[in-house]
Amino acid sequence: MDGFSDMTAPEVLASEGLFWLAPKPLILASKSRGRRLVLEQTGIPFEASPAEIDERGLERTILGQGGGADAVVSELARAKALAVSALSPDCFVLGADQAA
């Protein structure tokens with residue numbers, strides 16, 4: 001026995017509503033259609049709420065301070081999550097970004 005035979009696959013748990021146990025849906029701080037599709041496939045209940053931040057201004061600031069693409073992506077994801085969290089402090093919020 002490999003020790004994993006009694007484990008249930010995440011997609012099965014999600015389809016049965018057992019994967020997400022928080023009382024409210026996850027909030028996706030993004031307007032990305034691709035990110036919404038990925039979350040829909042997990043079965044996790046979520047709501048999309050795009051963050052209202054100045055992405056280009058934040059990007060200029062980070063690059064001006066010597067940060068690279070990884071710093072820009074990390075800070076944009078963080079800023080999006082924080083902005084949406086301020087509006088929904090009792091929810092889990094997922095911020096995301098990517099380098100082009």
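Hi everyone, let's begin with the largest pocket, whose lining is made up of Glu55, Arg56, Glu59, Leu63, Ala69, Val72, Val73, Leu76, Asp97, Gln98, Ala99 and Ala100. Please keep in mind that this is a predicted model. The volume of the largest pocket comes to about 150 Å³.

What kinds of residues make up that lining? Seven are nonpolar, four are charged and one is polar.

Two helices matter here: helix H3, residues 55-64, and helix H4, residues 69-87, each supply at least two residues of the lining.

Now, how do those helices sit against each other? H3 and H4 pack with their axes 10 Å apart, at an angle of about 140 degrees. H3 and H4 are therefore oblique to each other, and their crossing is right-handed.

Let me finish with another helix, H2, which covers residues 33-42. At its start, a side-chain oxygen of Ser32 comes to within 3.3 Å of the backbone nitrogen of Gly34. And what follows H2? That residue is Gly43, with a positive phi, near 85 degrees.

Note on methods:
Residues are numbered from 1 along each chain as its sequence is written. This is a predicted model: local features need pLDDT of at least 70, side-chain atom pairs count only at pLDDT 80 or more; totals for chains, interfaces and linings use all residues. Side-chain values use heavy atoms; hydrogens and water are left out. A polar contact is a pair of N or O atoms within 3.5 Å; within protein, one must be able to donate a hydrogen and the other to accept it, and residues adjacent in sequence count only if both atoms are side-chain atoms. Helices (H or I, at least four residues) and strands (E, at least two) are DSSP runs, numbered from the N terminus. On a 1 Å grid over the protein atoms alone, a cavity is a set of points where a 1.4 Å probe fits but cannot get out, and a pocket is an open set with protein on both sides within 12 Å along at least five of seven lines; lining residues have an atom within 4 Å of a point. Grid points are joined across faces, edges and corners, and a volume is the space filled by probe spheres set on the points. Ala, Val, Leu, Ile, Met, Phe, Trp, Tyr, Cys and Pro count as nonpolar, Asp, Glu, Lys and Arg as charged, and the others, Gly among them, as polar. Axes are lines fitted to C-alpha atoms, for helices over the stretch in contact, and angles run from 0 to 180 degrees between N-to-C directions. Angles under 35 degrees count as roughly parallel, over 145 as roughly antiparallel, 65 to 115 as roughly perpendicular and the rest as oblique. A crossing is left-handed if the near helix is turned anticlockwise from the far one by less than a right angle, and right-handed if clockwise.
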